[in-house]
Amino acid sequence: AGIAGAAIGMAAQFDRAMSSVQAATHASGAELGQLRDAAVQAGRDTAYSATEAAHAIEELAKAGVETTDILGGGLSGALSLAAAGEMDVSEAAEVAASTLTQFRLRGRDVGHVADLLAAAAGKAQGSVHDMSYALKQSGLVAAQMGMSVEDTIGVLAAFASAGLLGSDAGTSLKTALLMLANPTEKAAGLMQELGISVYDAQGQFVGIVGLAGQLQARSEEHTSELQSLR
């Protein structure tokens, strides 16, 4: 009787979760059936329950991820991120969905985002949680500047390697990008004097790699000049 009661309770939880999915997705009967099947399959194939998978679907839908993209890789990517970061499934789906929105990616890119965050956390200090907090703070501004999600997470990983983690790292990157986009008169004059260009001839951001290359080149030139003076 106890086992039967537990099973009924789990089924009721799953049904409630799927009701929330329907409200978030406005899916048709056929689409809702596909989402239900995907959640059940995830419950069989992963360490997460079907109810947890349904919560992930709900969070992805709330962030604007289309049903086709959820089914086409979004759900599996969110579950992979949760596993890699030892995160709550709903939190992982929220992180993935917000990243997709910031960088105008598709639901099928969730797996790629999960791989990037896990790889960055594995090569630097901090955790996937820290990387996700940093990305939340800086992602929108970085995307508006024209940075890719790969470059943005790469910079945040470099910050983490230097001991700058989480939201502090994201705020620092955001502030730096905003200052580059709208420098003070003194900063703009110095950049012009040094020959550092933030934008190309078409008015596009030269990219974080291109900017870093300019800074390195000018630094080496400046060092050579100082050595010649000695």
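Helix axes are lines fitted to C-alpha atoms, over the stretch in contact, and the angle between two of them runs from 0 to 180 degrees between N-to-C directions. This model is predicted.

**Two packed helices.** Helix α6 (residues 110-123) and helix α7 (residues 128-145) pack at an angle of about 115°. Their axes lie 8 Å apart. The crossing of α6 and α7 is right-handed. On the α6 side, L117, A118, A120 and A121 take part; they meet V128, M131, S132 and L135 of α7.

**The core.** The largest nonpolar core holds 64 residues. I70, L75, L81, L117 and M131 have the most contacts inside it. Helix α5 (residues 89-103) gives the most to this core: eight residues. M131 touches L117, A120, A121, A124, L156, A157 and A160, leaving aside residues up to four places away in sequence. In soluble globular proteins, nonpolar side chains tend to be buried together.

**Helix α2.** How far apart are the end C-alpha atoms of α2 (residues 29-45)? They are 24 Å apart.

| Side of α2 | Residues |
|---|---|
| Buried | L32, L35, A39, A42 |
| Turned away from the buried side, exposed | G29, A30, D37, R44, D45 |

Seen down the axis of α2, the buried residues fall within an arc of 85°, so they line one face of the helix. An α-helix has 3.6 residues a turn, so residues three or four places apart point the same way.

Technical notes: Residues numbered from 1 in each chain as written. Predicted model: local features only at pLDDT ≥ 70, side-chain atom pairs only at ≥ 80, totals over all residues. Heavy atoms only, no water. Core = buried A, V, L, I, M, F, W, Y, C linked by side-chain atoms within 4.5 Å. Buried < 20%, exposed > 50% of the residue type's maximum accessible area, 1.4 Å probe, protein only. Helix = DSSP H or I, 4+ residues; strand = E, 2+ residues; numbered from the N terminus. Contact = heavy atoms within 4.5 Å. Expected span 1.5 Å × (residues − 1). Arc of directions from axis to C-beta. Left-handed = near helix turned anticlockwise from the far one by under 90°.
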